[in-house]
Amino acid sequence: MSNDEPAPRRGKVVEALARAERKVFTRPAPKSAKAQVKFFLTRAKGSTQALAERLGVSRRTVERYRAGKLTTPQKRLQAALVQETESEWQPQVRAQARHQAATSSGMMVDVTAYFGFTCTGSSDDGHERSITTAISPTYAKQILELQEAGATDEDLHPIVAEAITESSFTEWGTRAVCLRADFTHVLEIWFRF
């Protein structure tokens, strides 16, 4: 890995879902590179080669971080360590929160984005709106399943927009039944389990 390679970036919706999962952790994830490598090695049953391949570094680099000889990873490796650690940290706690959101409680979403609306014979040009609303368990389940399948922001936008439309604009089918909202240019988004 070279120093000038950019760190991998996740989309705002995908990152917001990851942030929501981090909020349910009962213990903080390992922060130092040495602690993160040690955590991964226990998950990889001590295989430095498997971990090196997963992180895209040499086996010797993994050994140096484990021994504490290297302490400050390059930006790309640091981002990979953080992302991978958080994706595997406290899987039972995350699974429980996801299950509860998908079956009973749903999720809250707080989003600032450009929303455009269409209905029979009319349209509204998109403009920036800030919306905080509950998402039903049905939509939470769909969003979480897509996320787990590796969906991108572009894959998630339509389902999140549909969930927001249902809960905020059509009030679960009680008004403006034909209304459809699309959102683009997500400026900020937060989910809460």
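The dialogue below goes through some features of a predicted model.

Q: What kind of model is this, and how are its residues numbered?
A: The model is predicted, so local features need pLDDT of at least 70 and side-chain atom pairs count only at pLDDT 80 or more, while totals for chains, interfaces and linings use all residues. Residues are numbered from 1 along each chain as its sequence is written, and side-chain values use heavy atoms, with hydrogens and water left out.

Q: How many helices and strands are there in the protein chain?
A: Helices (H or I, at least four residues) and strands (E, at least two) are DSSP runs, numbered from the N terminus. The protein chain has eight helices and three strands. Read from the N terminus, the order of its elements is α-α-α-α-α-α-β-β-α-α-β.

Q: What share of the residues of the protein chain count as buried?
A: Buried means under 20% relative accessible area, exposed over 50%, and partly exposed in between, with a 1.4 Å probe and protein chains only. Of the 193 residues of the protein chain, 38% count as buried.

Q: Among contacts between residues at least 6 apart in sequence, what percentage join residues at least 24 apart?
A: A contact means heavy atoms within 4.5 Å. In the protein chain, 69% of the contacts between residues at least 6 apart in sequence join residues at least 24 apart.

Q: Which residues does Val109 touch, and is Val109 buried or exposed?
A: Val109 is in strand E1 (residues 107–119). Because its relative accessible area is 0%, Val109 is buried. Leaving out residues up to four places away in sequence, Val109 touches Ile131, Thr132, Thr133, Ile135, Ile164, Ile189, Trp190 and Phe191. Val109 and Ile189 are 80 residues apart along the chain, with 7.1 Å between their C-alpha atoms.

Q: At what angle do helix H3 and helix H4 pack?
A: Axes are lines fitted to C-alpha atoms, for helices over the stretch in contact, and angles run from 0 to 180 degrees between N-to-C directions. Angles under 35 degrees count as roughly parallel, over 145 as roughly antiparallel, 65 to 115 as roughly perpendicular and the rest as oblique. Helix H3 (residues 48–55) packs on helix H4 (residues 59–67) at an angle of about 105°, and their axes are 8 Å apart. H3 is therefore roughly perpendicular to H4.

Q: Which residues of H3 and H4 meet?
A: Thr48, Gln49, Leu51 and Ala52 of H3 meet Arg59, Val62, Glu63 and Arg66 of H4. For the kinds of residue, Ala, Val, Leu, Ile, Met, Phe, Trp, Tyr, Cys and Pro count as nonpolar, Asp, Glu, Lys and Arg as charged, and the others, Gly among them, as polar. The contact of H3 with H4 has three nonpolar, two polar and three charged residues.

Q: How do the axes of H1 and H7 cross?
A: They cross at roughly 105° and come within 11 Å. H1 is therefore roughly perpendicular to H7. The contact is made by Val14, Leu17, Ala18 and Glu21 of H1 with Ile143, Leu144 and Gln147 of H7. Its residues divide into five nonpolar, one polar and one charged.

Q: Is Gln147 buried or exposed?
A: Gln147, in helix H7, counts as buried because its relative accessibility is 17%. Not counting residues up to four places away in sequence, Gln147 touches Val14, Leu17, Ala18, Glu21, Arg98 and Leu156.

Q: What volume does the largest pocket have, and what lines it?
A: Rolling a probe the size of a water molecule over the atoms shows where empty space is left. On a 1 Å grid over the protein atoms alone, a cavity is a set of points where a 1.4 Å probe fits but cannot get out, and a pocket is an open set with protein on both sides within 12 Å along at least five of seven lines; lining residues have an atom within 4 Å of a point. Grid points are joined across faces, edges and corners, and a volume is the space filled by probe spheres set on the points. The largest pocket has a volume of about 490 Å³. Its lining has 19 residues, and Arg10, Val14, Glu21, Ser87 and Gln147 lie nearest its centre. H1 gives the most to this lining, with four residues. The lining of the largest pocket divides into five nonpolar, six polar and eight charged residues.

Q: Where is Lys45, and what is its phi?
A: Most residues other than glycine have a negative phi. Lys45, not a glycine, has a positive phi of about 55°. Lys45 is in the loop between helix H2 (33–43) and H3, and it is exposed, with a relative accessible area of 79%.
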